[in-house]
Amino acid sequence: MVPVRDVGVLLPSRKLVIPHPPFFFESWYNVGRTVTLSVVGFAALIVLLRVSGKRTLSKMNVFDFVFVVAVGSVFASTIISKDVTLVEGLAALTTLVVIQISLAELAARSALAERIINGEPALLLSRGKFIPRALKRERVTEEEVRAAIRAEGITRVEDVDAVVLENDGTLTVAWTSKEPGASSLVDAKGPDGRTEEERSKAAGR
């Protein structure tokens, strides 16, 4: 008994050709859609940023930077992507603004939440001496600190009480004033967790 084998029928192979999108021009509809979404989306974004308050437009910390990047990405997708409608784009933008306002309110009401969301200022130089651990942790060089000191018109590093890396990435140079008043260094902590005020008290200043 001769076994019967299935005989396959060979069909001519066909290559799947994926058409390339047009390089220069596709249709006037897409051009009109892009222009319309750009104008409407831009106006809506201005309104949403006005609602979110002046804080959004201030110097950015990590939280604000993430918000701005996310808003820019959603806005670009709304304009360019054909799969995203105007209503979907506006809904996404509104959601981001609501999150930003909610977290800003939470940070304003809770010191712990404010530290978690925005971080803490870092003390890089104390009483004219650099703090190597803080510089290494924040990835800041001594030359960058000296440049910030020179920008304030101070020629001697030893004359500076403190240099603080703020939450927005700027370097603040502080020195002792002859006038009495509250210190602005109460929240800037070094690697040991102590503030400049605590360091001064421990040193008997």
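Begin by selecting R139, which sits in the loop between α5 (132–138) and α6, where helices (H or I, at least four residues) and strands (E, at least two) are DSSP runs numbered from the N terminus. R139 has a positive phi of about 55° although it is not a glycine; at 74% relative accessibility, R139 counts as exposed, on a scale where buried means under 20% relative accessible area, exposed over 50% and partly exposed in between (1.4 Å probe, protein chains only). Most residues other than glycine have a negative phi.

Before going further, note that this is a predicted model, in which local features need pLDDT of at least 70 and side-chain atom pairs count only at pLDDT 80 or more, while totals for chains, interfaces and linings use all residues. Residues are numbered from 1 along each chain as its sequence is written, and side-chain values use heavy atoms, with hydrogens and water left out.

**The whole chain**

Of its 205 residues, 29% are buried. Where contact means heavy atoms within 4.5 Å, 57% of the contacts between residues at least 6 apart in sequence join residues at least 24 apart.

**The sheet**

Next select R127, placed in the loop between β1 and β2. R127 also has a positive phi, of about 50°, although it is not a glycine, and at 30% relative accessibility R127 counts as partly exposed.

From there, display the four strands, which form an open sheet in the order β2-β1-β3-β4 with antiparallel pairing; two strands pair if DSSP finds at least two bridges between them. The edge strands are β2 (129–130) and β4, each of which pairs on one side only. Strand β1 (residues 122–126) runs antiparallel to β3, and four bridges join these two; one place to look is S126, whose bridge partner in β3 is A162. Helix α6 (residues 142–151) packs on the sheet and touches β1, β2, β3 and β4, its direction making about 60° with that of β4; such angles run from 0 to 180 degrees between N-to-C directions, with axes being lines fitted to C-alpha atoms, for helices over the stretch in contact.

Move on to strand β3 (residues 162–165) and strand β4 (residues 171–174), an antiparallel pair joined by four bridges. Select V163 to find V173 of β4 standing opposite. In the hairpin of β3 and β4, five residues lie between the strands, and G169 takes a positive phi near 90°.

**Helices α2 and α3**

Now show α2 (62–80) together with α3 (residues 86–109). What is the angle at which α2 and α3 pack, and how far apart are their axes? The angle is about 175° and the axes are 9 Å apart. That makes α2 roughly antiparallel to α3, since angles under 35 degrees count as roughly parallel, over 145 as roughly antiparallel, 65 to 115 as roughly perpendicular and the rest as oblique. The α2 side of the contact is made by F63, D64, F67, A70, V71, V74, F75 and T78, and the α3 side by L86, G89, A92, L93, L96, V97, Q100 and L103. These residues divide into twelve nonpolar, three polar and one charged, with Ala, Val, Leu, Ile, Met, Phe, Trp, Tyr, Cys and Pro counted as nonpolar, Asp, Glu, Lys and Arg as charged, and the others, Gly among them, as polar.

While on α3, pick L90, which is partly exposed, with a relative accessible area of 25%. The C-alpha atoms of L90 and V40 are separated by 9.7 Å, although these residues are 50 apart along the chain.

**Helix α4**

Finally, select helix α4 (residues 111–118), which packs with α3 at an angle of about 130°, the two axes being 5 Å apart; α3 and α4 are therefore oblique to each other. Here L103, L106, A107 and R109 of α3 meet A111, A113, E114, I117 and N118 of α4, a contact with six nonpolar, one polar and two charged residues.

Which residues of α4 are buried? They are A113, I117 and N118, and they cover an arc of only 105° around the axis, which puts them on the same side of α4; the arc is that of the directions from the helix axis to the C-beta atoms. The buried residues of α4 pack against α2 and α3, whereas the face of α4 turned away from its buried side carries the exposed residues A111, L112 and I116.
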